[in-house]
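Hi,

Here is the structure I promised to send over.

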Amino acid sequence: MKPEEPTPYTLTIEIARAEGAGDPHAFRCMRQDYVFRSAKGFGSAEFPWDEQVLGAMAQLLRPRPDSAAMQRLGEQLRTFLEQGLSTHEGWAHHEQALLQAVEAGRPVYVTFRFGAAELYSLPWELVTLRTTGQHLGEISGCLVQYEWPGVHPAPLPSRPPGPGRVLLGWSAAGGDVPWKEHREALAGAASGNRYGFEPEKDVVARLSLASLERTLREATAAGRPITALHLLCHGTQLAGGTSGLVWDDAGGEPEVVDTAALRRVLAPYTGSLRLVVLCACYGGHAGTPGNALGSVAQGLHRVGLEAVVASRLPLSVEGSVRLAESFYGAWKGPGSVRPALLEARRALMRAGGLEWASLQLVSPTEPPRPAARPWRRTVLMGLGATAAVGLAIGVVSALPRSQPLGGQVYDEDGQPVADARVTLLQSQPGASVETRTDAQGSFHLELRAEHEAEVRFRVEKEGHVPYEGSANLGNTGLGFTLERAQ
């Protein structure tokens, strides 16, 4: 009889910016006030965003970051949490509880949910504990994960395809990669776990966007959809503060794949694809604080992928192999990502360096729903932060005002759908707001209503099955697929 898993200790910390709370990207690099929200009410704290903080963040990108700078940054992050949670249970309460949970052999899962994009650029794994001085991420059994407000995982397929299938895609366009070692790690782990990996069939060499899309489409059509996607390549930092992956293009030349490009390819497959592992430098790096695209991992998370594992910092060849061997050796399917990632982090910590702190899990805390139930993919901008700011710092504004709703429409091949009619349906009889998608499949609507008011909308395009769903006003990152009519 299989022993029961110990009950984890879970903590979710929600923070929004006080100024411009409805726009997660309205960041100015200066001292900022933030609002903390929990079931017990609201709190507030100030974060400096000064040269010391920015210098410590730059240190993280070096091959050998200064340990003292990392410790000071961790203490600054803890002080911020202590101030913001002082009107709740208090950070000291959670620190004591998580240490007791670890001592009792229970896993600890700490989720950071931010309505301010700049906060994702900070390394919360480095938060120090006041009692021991340890970083949060170095505590055995403690896992930090990230969640964009309001993101829901894609619904489970109505007919599960059976054992999961892993696809390895690799590209050496940015330099040599240890693809043989990763292939051997996947093959060795698959033989003893509940997923399939056939080295002759489940490897895409010299990866490109076109070859990845074709492989996913053919696997789905053959009734053998991909459950987990393991991407091995080099990452790079781009102008404008974003990051990308270096792949091959259709002609075999190097091509930088950014968040938006990879999101368009993977979005149609989020029903069956439950995990993406980005074995690349900077896959989880959010770039310049507040930039609109965010990290590659976050972009995939926001379109409904159940779990994305990525490295915030540079990832060595040896570190990538340890990650593949330890993670897949412990991974037994989509429901075991967190314990597998804990095992991978332990392996990296034993090797020394800071790669253990680089590992990120970007995943909704809400479990995926069965496909039979209506699903709403909603991206809430600001954690209900308008109300939070009003209660916490005295700003009261309940009057209706112009609120946005926007996103992108794709077809089943992951391509943008242009000239689709998007209609926002109102509760008043006959009232509606309408627009059409542009050449990139994007749309934008405005409605005078309260922030985060829930509305119904309908998307129609000749030759496609109409799509109807719900969303909260303030969302500007919706993404969904129009199926072709039979």
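Predicted model: local features only at pLDDT ≥ 70, side-chain atom pairs only at ≥ 80, totals over all residues.

Residues are numbered from 1 along each chain as its sequence is written, and side-chain values use heavy atoms, with hydrogens and water left out.

The sheet

Helices (H or I, at least four residues) and strands (E, at least two) are DSSP runs, numbered from the N terminus. Two strands pair if DSSP finds at least two bridges between them. On that basis, 3 strands make an open sheet in the order S10-S11-S12, with antiparallel pairing. S10 (234-237) and S12 (254-257) sit at the edges with a single partner strand each, so one side of each has no neighbour in the sheet. On average, neighbouring strands here are turned by 40° against each other, direction ignored (axes are lines fitted to C-alpha atoms, for helices over the stretch in contact, and angles run from 0 to 180 degrees between N-to-C directions).

S11 (residues 243-248) is joined to S12 by 4 bridges, and 4 bridges also join S10 to S11.

Is S11 enclosed or open to the outside? 6 of its 6 residues are buried, so S11 is largely enclosed by the rest of the structure (buried means under 20% relative accessible area, exposed over 50%, partly exposed in between, with a 1.4 Å probe and protein chains only).

The helices

H4 (residues 179-190) packs on H8 (residues 317-330) at an angle of about 10°, with the axes 9 Å apart. From H4, Glu181, His182, Ala185, Leu186 and Ala189 meet residues of H8, including Ser320, Val321 and Tyr328; contact means heavy atoms within 4.5 Å.

His182, which lies in H4, is worth a click. His182 is buried, at a relative accessible area of 0%. Leaving aside neighbours within four places in sequence, its contacts include Leu168, His230, Leu232 and Cys279.

Over in H3 (residues 91-103), the buried residues are Trp91, His94, Glu95, Ala97, Leu98 and Ala101. They pack against strand S1 (9-17), helix H2 (67-84) and strand S4 (108-114). Just after H3, Gly105 has a positive phi of about 85°.

One more residue

Ala69 has its place in H2 and counts as buried, at 7% relative accessibility. Not counting residues up to four places away in sequence, Ala69 touches Ala56 and Gln59. The C-alpha atoms of Ala69 and Gln59, 10 residues apart along the chain, are separated by 7.7 Å.

Cheers
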